Amino acid sequence: MYDVIIRNGLVVDGSGREAFKSDIGVIGEKICKIEAEINEKGLTEIDAKGKIVIPGFIDPHVHEEWVCFIDGSYELFLRQGVTTVVNGNCGHSIVPGPRENILNYYWGNGLISTKQRNDYLTRFPEWQDFDGYAKAVEEKGTNINFATLLGHGTIRWSVMNGAHDRPPTEEEAAMIENIMRHNLEQGMWGISFGLDYVPSRYADLDELVSVAKIVRDYDGVAAAHLRHYIGIKEATEEFIEVGRRSGVKIQVSHLKPTCPEAFELVRKAAEEEGMRILADTIPRSTGHCTSKSRLLQFVMAVSDELFASGIEGVKAALKTPEGREMIKKDAYIFAGDKSDKFVILSEDPSLEGRSVADIAKERNQDPDETMLDLLADDKNYVFWLGGPSRTDFPADGHCETIVKNPYVCVGTDEIMGDIEDPYDWYELQRRGGFPIFMKMYLKKNVPLEEIVRRNTSMVAKHFDIKKRGELKEGNFADIAVIDLDSYSYPSPEEIDYRKPLTMASGVDSVIVNGKLALDKGELKRPFAGKVLRRNN
Ligand SMILES: [Zn+2]
């Protein structure tokens, strides 16, 4: 007797081999049999006729490390067929504790709102290190598995007592190393850098290499949000050099499709130098949607002076000409003509769905002043910073060079918003990264088997996540049953931007560690996901 049997599906096993019709039998948390026809019965039987059966996708780049302390359902991942994510990217991580230190770091970097920080300070469990964090997550429960990276930004900021534009002293470097080794020994998977963000961006090549060498001792992965401001190609070269000098495994994070040359560098490093390297990419993005209060916080975070005076300081600055000048100078949202900044929800319906440039025209005003007025008035808005067409995400998808590159996978870069206030901050297209990639690559004639391989076993092998990423007897039963015809996410033209909870469709069932987390389209909460430990 099996716990679960999936019958009659087209099995795409993640290895890249040709798809085949088969049944799959699960006992406990493992796959026990893959056979053309299993004669025994299952306590639960899933009819997968006409559907594909794949190992759950592995997303190497997300920021969902503690959403589970509020709600561990992770529905938006399950509905894409994702069963494992890598957390702790872009330099941001859950160590070193205590919890208050971490929350202050995330808040200071604009990753959580003031309301979230204050609330989580009382609601979250306490932890000091990865062991403590893992126990806290397991106690709360998660529907998906996590691998977790150290964040260089968080550790450097904690040890050096803030974001400082200088190398760490010898003593500080030793403290950084201690924190890294302590947590790597507990099973963290490597480190992430956020080279566009403070304080990670203050690290030069030598500092990056010396940190990467520590990770090399554990054969972990070093991931990086690149130093984009030096040019994407140059930034990719820099990070490959970190891999070359340290010998560490490299994950180039959310590489932009506007620079195919950078993808080529990754391929050449792998094929010509034998480096262990992958790149992940966000298949489509149309920018962030954010509430006014959150936008004020972003404005606060970009200037030292405003940061020191807090949200009330930003509000006061909006009321004086000097304050307005300072905000315009520092906040990136004031670049450009505002035709890509929209009001999508408003207490004044006449403003909804219009660009700030358009509203400015009607008011016979400079668009910057209109933006400042909207921030300064006493109404609530949800803004969309981007719009349906973005030049950095070509509408016709990836070019041939990228499509043919066998070292490229999806990284959705899905970022925790306030899940109790979904309008606070959201980025819709990221919530459909896997179906968007699947459709785009099938259309460009990449075989289904290869698309699945790049997003399952390839990532598992790179990170050395054992017994996952491939449907094989003895492996963990992380399985998605997908109706390929309806597997999709609404296009930027179709989507209603006022609906932050828009999710992918077409995933029928998802099993995580043998338990059904999505059952014929219905969300379940078995919380069978695990905090994965390296070497375990
Ligand atoms: Zn990121």
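This is a predicted model: local features need pLDDT of at least 70, side-chain atom pairs count only at pLDDT 80 or more; totals for chains, interfaces and linings use all residues.
Student: Okay. Where does Tyr74 sit?

Tutor: In the loop between strand E6 (57–59) and helix H1 (75–78). Helices (H or I, at least four residues) and strands (E, at least two) are DSSP runs, numbered from the N terminus. Tyr74 isn't a glycine, yet its phi is positive, near 50°.

Student: What's the phi of Lys467?

Tutor: Near 60°, again a positive value in a residue other than glycine. Most residues other than glycine have a negative phi. Lys467 is in the loop that runs between helix H18 (457–463) and strand E20 (479–482).

Student: And why does Lys467 count as partly exposed?

Tutor: Because it has 14 C-beta neighbours inside 10 Å.

Student: Switching topic: what's the peptide bond from Gly97 to Pro98 like?

Tutor: That one is cis, and omega is near 5°. Pro98 belongs to the loop between strand E7 (82–87) and helix H2 (99–108). The bond from Val198 to Pro199 is cis too, with omega near 0°. You'll find Pro199 in the loop between strand E10 (190–194) and H7.

Student: On to H7, then. At what angle does it cross H8?

Tutor: Helix H7 (residues 205–216) and helix H8 (residues 232–246) cross at roughly 50°, and their axes come within 9 Å. That makes the pair oblique.

Student: Which residues of H7 and H8 make the contact?

Tutor: From H7, they include Leu205, Leu208, Val209 and Arg216, and from H8, Glu238, Val242 and Arg245 are among them. Contact here is C-beta atoms, placed from the backbone, within 7 Å.

Student: How are H10 and H11 set relative to each other?

Tutor: The axes of H10 (residues 292–301) and H11 (residues 304–317) cross at roughly 155° and come within 8 Å. They are therefore roughly antiparallel. The cut-offs are under 35 degrees for roughly parallel, over 145 for roughly antiparallel, 65 to 115 for roughly perpendicular, and oblique for the rest.

Student: Who's touching whom between H10 and H11?

Tutor: On the H10 side it's Leu296, Gln297, Val299, Met300 and Ala301, and on the H11 side Leu306, Phe307, Gly310, Ile311 and Val314.

Student: I'm also curious about Arg324. Which helix is it in?

Tutor: Arg324 is in helix H12 (residues 321–330). With 19 other C-beta atoms within 10 Å, it is partly exposed.

Student: What does Arg324 touch?

Tutor: Leaving out residues up to four places away in sequence, it touches Ala317, Leu318 and Leu372. Glu139, by contrast, has its C-alpha 47 Å from that of Arg324, and 185 residues separate the two along the chain.

Student: Zooming out, how many helices and strands are in the protein chain?

Tutor: 18 helices and 23 strands. The C-alpha trace spans about 75 × 60 × 50 Å along its principal axes, and 49% of the 536 residues count as buried.

Note on methods. Residues are numbered from 1 along each chain as its sequence is written. A residue is buried if 20 or more other C-beta atoms lie within 10 Å of its own, exposed if 12 or fewer, and partly exposed in between; C-beta atoms are placed from the backbone. Two residues are in contact if their C-beta atoms, placed from the backbone, lie within 7 Å. Axes are lines fitted to C-alpha atoms, for helices over the stretch in contact, and angles run from 0 to 180 degrees between N-to-C directions.
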